[in-house]
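Reader: Could we go through this one together? I would like to begin with the ligand and then move on to charged pairs.

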Amino acid sequence: MGCQLSALTAVGVVGSGTMGRGIAESVLRAGVRVVLRDSSSNALSQARKHIESSMNRSVDRGHLSAQEVSVLLALLDPVETPASLSDCQLVIEAVPEILEIKLAVLASIEDHVSHSAVIASNTSSIPITRLARALRNPSRFVGLHFFNPVARMPLVEVVRTVHSNDSSVAATRHFVESLLGKSPIVIGDRPGFLVNALLIPLLLAAARMLDSGYADAESIDASMRLGCGHPMGPLELSDFIGLDVVCAAADAMYAESRDPALVVPSNLRRLVEAGHLGAKSGHGFLSPKRTNGAEE
Ligand SMILES: NC(=O)c1ccc[n+]([C@@H]2O[C@H](COP(=O)([O-])OP(=O)(O)OC[C@H]3O[C@@H](n4cnc5c(N)ncnc54)[C@H](O)[C@@H]3O)[C@@H](O)[C@H]2O)c1
């Protein structure tokens with residue numbers, strides 16, 4: 001991407017789950033071809049269906065015509081093998097948050113792209129520098145941390161490591177801003193980058209207050225919603241994100257920083273151990289009904 005994104009003709013996205021399909025759709029909507037790779041053909045067909053129905057909703061709302069949708073969908077190239085990534089100037093990895101899987105996927109991306117291609121990871125919590133170990137040339141590697149749901153969340157964290165060269169950072173920043181119309185924040189490779197470094201301690205503090213009886217769930221959530229203008233209170237937001245995801249992010253950040261604010265309180269840990277993961281399992285801090293978080 002040497003590194004003018006006006007020359008961008010194809011973006012690779014590896015991993016077509018929640019995030020990968022959202023990133024792919026955002027790139028398609030900008031009129032750029034997407035090579036969407038997944039090891040599962042079922043995941044690829046689900047992703048295509050998901051993107052198609054999301055675009056069809058835009059037709060219903062009058063934002064796209066049916067003809068535009070068929071033109072954009074024709075730019076989507078779902079593939080199961082990495083060789084098809086060879087003509088992508090940027091490849092974004094969005095496979096599960098497991099170090100070994102990511103290292104193998106990143107090494108395979110590098111084996112198939114050109115020397116000038118930029119490679120990015122959408123990891124939420126693995127240090128970008130640790131992932132860079134998979135690459136022979138880590139200078140063209142950055143974090144590109146999108147937020148869920150990708151279509152609605154305007155922020156993307158661009159994470160640079162000590163290896164990242166200026167042109168890769170500038171090119172990915174330009175990609176986010178000019179092509180996707182989102183707002184980039186360039187940040188160093190610190191635990192939690194910027195958003196989670198601020199957010200996770202707040203979510204844990206809310207869980208801890210609930211655990212100690214400092215306040216009830218309604219009051220904790222109302223304090224941030226009505227007192228600070230947050231769209232959701234921290235307990236509701238934890239349920240929405242997934243309590244397992246909150247725990248995993250906190251554990252990863254604590255492992256690096258040993259910051260007491262990042263210790264997972266026992267009520268949150270117990271809910272995760274019980275499989276009460278929030279909205280996705282139907283049980284969490286507030287669901288199915290408002291409780292004290294310890295019992296349903
Ligand atoms: N879900 C979120 O809210 C969120 C937000 C920001 C960042 N992230 C990060 O994005 C990444 C992906 O998360 P997700 O929620 O989309 O996961 P997901 O489980 O929904 O999707 C992962 C996809 O990767 C595919 N995959 C697994 N191994 C593969 C391989 N070796 N090669 C190619 N494809 C493979 C799976 O088939 C699946 O379709 C993670 O690093 C996660 O931390 C997630």
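Reader: How far is a polar side-chain atom of Asn122 from an oxygen atom of the ligand?

Author: Bearing in mind that this is a predicted model, a polar side-chain atom of Asn122 lies 2.9 Å from an oxygen atom of the ligand. The protein covers 74% of the 840 Å² of accessible area that the ligand has on its own.

Reader: Which elements give two or more residues to the shell around the ligand?

Author: Those elements are helix 1 (18-29), helix 4 (99-112) and strand 6 (141-146), and helix 4 gives the most, with three residues.

Reader: And which residues come nearest to the ligand?

Author: Of the 24 residues around the ligand, the nearest are Met19, Asp38, Glu97, Lys102 and Asn122. For Asp38, a polar side-chain atom lies 2.7 Å from an oxygen atom of the ligand, whereas for Ser39 a backbone N or O atom lies 3.3 Å from a nitrogen atom of the ligand.

Reader: How do the residues of that shell divide into nonpolar, polar and charged?

Author: The shell around the ligand holds nine nonpolar residues, 11 polar ones and four charged ones.

Reader: Changing topic, how many salt bridges does the count come to?

Author: The count comes to 13 salt bridges. One of them joins the side chains of Arg29 and Glu25, at 2.9 Å from N to O.

Reader: Where do Arg29 and Glu25 sit relative to each other, and is Glu25 buried or exposed?

Author: Arg29 and Glu25 are separated by about one helical turn, because they are four residues apart in helix 1. Glu25 is buried, with a relative accessible area of 6%, while Arg29 counts as partly exposed at 36% relative accessibility.

Reader: Which salt bridge links distant parts of the chain?

Author: Asp251 and Arg269 meet through their side chains in a salt bridge at 2.8 Å, N to O. This pair links distant parts of the chain, with Asp251 in helix 10 (residues 243-257) and Arg269 in helix 11 (residues 266-273), 18 residues apart. Asp251 counts as partly exposed at 31% relative accessibility, and Arg269 counts as partly exposed at 26%.

Reader: What about Arg270 and Glu273?

Author: The side chains of Arg270 and Glu273 meet in a salt bridge too, at 2.8 Å from N to O, and being three residues apart in helix 11, they are separated by about one helical turn. Arg270 is partly exposed, with a relative accessible area of 46%, whereas Glu273 counts as exposed at 56%.

Reader: Which residues do salt bridges that share partners join into one network?

Author: That network consists of Arg33, Asp77 and Asp87.

Note on methods. Residues numbered from 1 in each chain as written. Predicted model: local features only at pLDDT ≥ 70, side-chain atom pairs only at ≥ 80, totals over all residues. Heavy atoms only, no water. Near = heavy atom within 4 Å. Polar contact = N/O pair within 3.5 Å; in protein donor to acceptor, adjacent residues only side chain to side chain. Areas by Shrake-Rupley, 256 points an atom, 1.4 Å probe, with all protein chains shown as cover. Nonpolar A, V, L, I, M, F, W, Y, C, P; charged D, E, K, R; others polar. Salt bridge = Lys/Arg side-chain N within 4 Å of Asp/Glu carboxyl O. Buried < 20%, exposed > 50% of the residue type's maximum accessible area, 1.4 Å probe, protein only.
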